[in-house]
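Student: I have a structure open and I'd like to go through it slowly. Could you help me read it?

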Amino acid sequence: MSRELSSVPGDLHDRLAALVHDVPDYPQPGVTFKDITPLLADAQAFALTVEHLVERADTPIDLVVGMEARGFILGAPVAVGLGAGFVPVRKEGKLPRATLSGAYDLEYGSAVLEVHPDTIPDGSRILVVDDVLATGGTAAATVELLESAGGVVVGLAFLMELTALGGRARLAGRELDVLLSY
């Protein structure tokens, strides 16, 4: 069910990987942050990333959902490329109307995600897009939230996966697409 790194052309893989920078001890000691801002600043690399995510999506897709905040950056252009709507999943307290909420754990803490349930029509085919699959807590909470709102999550796409954190296991049985693995 998962598309592995081997399906990413070598030249694209190498180019994207070179633009992801490690920042040790951020946001706290012991955590190595993967900084994608150099990739986003490279117009051609960013466009190729979005194009690749669009090409690999299992269509038709009604909605693309991105999680705050880097999921917004990747998810919105993927939605445009797929001719789908975009729905942001926000951190607690950021949405102005009625919300559905879901708590989750990440590699260095916990948080709550929210979505406007009226933006998820029953039966909508949804692709979830984010920058990184780490522990899988954010993605799993997002899937649960979307499905409780009546959506059908047909796939999840990530720019990168931190394999040592085991997030893939929390999404067992789901269609996963990962461009870079660390």
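Tutor: Let us begin with a term: a salt bridge is a side-chain nitrogen of Lys or Arg within 4 Å of a carboxyl oxygen of Asp or Glu. Please keep in mind that this is a predicted model, in which local features need pLDDT of at least 70 and side-chain atom pairs count only at pLDDT 80 or more, while totals for chains, interfaces and linings use all residues. Residues are numbered from 1 along each chain as its sequence is written, and side-chain values use heavy atoms, with hydrogens and water left out.

Student: OK, how many salt bridges does the structure hold?

Tutor: There are nine salt bridges in the structure. One of them joins Lys 34 to Asp 22, with the closest N and O atoms 2.5 Å apart. Lys 34 belongs to strand 2 (residues 32-35) and Asp 22 to strand 1 (residues 21-24), so that distant parts of the chain, twelve residues apart, are linked; helices (H or I, at least four residues) and strands (E, at least two) are DSSP runs, numbered from the N terminus.

Student: Is Lys 34 buried or exposed?

Tutor: Lys 34 is buried, at a relative accessible area of 11%, whereas Asp 22 counts as partly exposed at 47%. Here buried means under 20% relative accessible area, exposed means over 50%, and partly exposed is in between (1.4 Å probe, protein chains only).

Student: And what does Arg 174 pair with?

Tutor: Arg 174 forms a salt bridge with Glu 147, the closest N and O atoms being 2.7 Å apart. Arg 174 sits in the loop between strand 8 and strand 9 and Glu 147 in helix 5 (residues 137-148), so this pair ties together parts that are 27 residues apart in sequence. Arg 174 is partly exposed at 24%, and Glu 147 also counts as partly exposed, at 33%.

Student: Switching topic, which residues touch the most other members of the largest nonpolar core?

Tutor: Within that core of 30 residues, they are Val 64, Val 78, Leu 82, Leu 127 and Leu 159. The elements that give two or more residues to this core include helix 1 (10-18), helix 3 (43-56), helix 4 (70-82) and strand 8 (152-161). A nonpolar core is a set of buried Ala, Val, Leu, Ile, Met, Phe, Trp, Tyr and Cys residues joined through side-chain atoms within 4.5 Å.

Student: What is Leu 82 in contact with?

Tutor: Leaving aside neighbours within four places in sequence, Leu 82 is in contact (heavy atoms within 4.5 Å) with Val 54, Ala 57, Thr 59, Ile 61, Val 64 and Leu 127. Apart from this core lies another, of 25 residues, among them Val 128, Val 143, Val 153 and Phe 158.

Student: Why is strand 8 largely enclosed?

Tutor: Nine of its ten residues are buried, so strand 8 is largely enclosed by the rest of the structure. Strand 8 runs parallel to strand 7, joined by eight bridges, and pairs with strand 9 in the parallel sense over five bridges; two strands pair if DSSP finds at least two bridges between them. Across from Ile 126, the bridge partner in strand 8 is Val 153.

Student: Last one: where is Pro 27 found?

Tutor: Pro 27 is in the loop between strand 1 and strand 2, and the peptide bond from Tyr 26 to Pro 27 is cis, with omega near 10 degrees. Asp 25 has its place in the loop between strand 1 and strand 2 as well, and the phi of Asp 25 is near 60 degrees, a positive value in a residue other than glycine.
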